[in-house]
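Here is a brief report on a predicted model.

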Amino acid sequence: MKRIHLYQLDSSAYEHPEDRRTLNVLNTMSCCEGIIKGLLDWNGVKADYVIRKASNYHVTHATCPQLAKLIDEAISILSIDDVPRVYLEWGYNINGYTRGYKDTTMMVLNTGVIDLMTDMEQTFVIGHELGHIKSKHVIYHTLGALLTSAISNIPIVGSVPEVFMLALTRWSRMSEFTADRAGLLACQDVDAALTAIIKMSGVPHKYFDKINIDSFLKEAEALQKELSFTDKAFEKILNAMYNDHPWTVMRAYELKKWVDSGEYERILEEYKPLVCPVCGHHTDKEAKDCPRCGTTF
Ligand SMILES: [Zn+2]
Ligand SMILES: [Zn+2]
């Protein structure tokens, strides 16, 4: 299936509204990039980068040609500026993560992503991680954690850190919804995106051919109804229990809801490029001529 390379895609077009709101606030604090970079380095980002280089399998066109091609395509489709170095880590969890900032940006994928997923499911996971990079989630998660620790050292505001942590945890969950949207925009295959999430939920390899998207989504709808009765205290417990990625059932539900809202199709249409019939260069769909070869459209 030919996928649309989204010309100069702006992450604010697909970010989950709650994620976007928090990013907007944090953007006002990012006036000094040097300080943020220093804080990230202080948090071991540089050390982590060196450790990956020293320990993990580096994905290149020579070492993993098929995977490197999927990554290149996803980078182009999502219009990613901070291109990550990609490493593999041994482990059969279907998961990945992103670290670093600008020239130290890196993505780490578990072996399970490669061995247990189809190309388009892998692209969903790759796109998800690229979504975190594009929305600068790594920077702001680190900044948020540092602010929390700074606030906790001020005796007079002793009760703030818990509130702040819960807000951060909730935002972290919303940022996963944003990243899932980026994953779908990268693979442009709703079924592959949903089966990727379902595989993360614990389906054994021998039952992959039994994966049923509809029944998984029905579970999600039922859970959504149960959660509508939750009180604030319960939500606090849920937030506290959440660690790295949000529940897969809720992620599938949120992603399907976004597709059904029509936003997914709208973004594909809005960011569709004009492809030069002579040299194949992608440009703005309003362009009158090709910036590369000069062909008049
Ligand atoms: Zn994520
Ligand atoms: Zn051209």
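## Core, sheet and helices

The largest nonpolar core has 55 residues. Those with the most contacts inside it are A74, L78, F124, L130, L185, A186 and A193. Helix α9 (residues 190-200) gives the largest share of this core, seven residues. Take L78 as an example. Leaving out residues up to four places away in sequence, L78 touches L6, L9, G127, L130, K134, A182, L185 and A186.

Now the sheet. Four strands make an open sheet with mixed pairing, in the order β1-β2-β4-β3. β1 (57-58) and β3 stand at the edges with a single partner strand each, so one side of each has no neighbour in the sheet. Two of the pairings are listed here.

| Pair | Sense | Bridges | Opposite residues |
|---|---|---|---|
| β1 and β2 (residues 85-89) | antiparallel | two | H58 and Y87 |
| β3 (residues 96-99) and β4 (residues 106-110) | antiparallel | four | R99 and M106 |

β3 and β4 form a hairpin with six residues between them. In its turn, G100 has a positive phi of about 90 degrees.

α3 lies across β2, β3 and β4, at about 50 degrees to β4. Helix α6 (residues 119-134) packs on the sheet and touches β3 and β4. The direction of α6 makes about 25 degrees with that of β3.

Which residues of helix α3 (residues 45-55) are buried? They are V45, Y49 and R52. These residues sit on the same side of α3, because they cover an arc of only 65 degrees around the axis. The face turned away from that buried side carries the exposed residues A47, V50, A54 and S55.

Technical notes:
Residues are numbered from 1 along each chain as its sequence is written. Chains are lettered from A and ligands numbered from 1 in the order in which they are written. This is a predicted model: local features need pLDDT of at least 70, side-chain atom pairs count only at pLDDT 80 or more; totals for chains, interfaces and linings use all residues. A nonpolar core is a set of buried Ala, Val, Leu, Ile, Met, Phe, Trp, Tyr and Cys residues joined through C-beta atoms within 7 Å. A residue is buried if 20 or more other C-beta atoms lie within 10 Å of its own, exposed if 12 or fewer, and partly exposed in between; C-beta atoms are placed from the backbone. Two residues are in contact if their C-beta atoms, placed from the backbone, lie within 7 Å. The arc is that of the directions from the helix axis to the C-beta atoms. Two strands pair if DSSP finds at least two bridges between them. Axes are lines fitted to C-alpha atoms, for helices over the stretch in contact, and angles run from 0 to 180 degrees between N-to-C directions.
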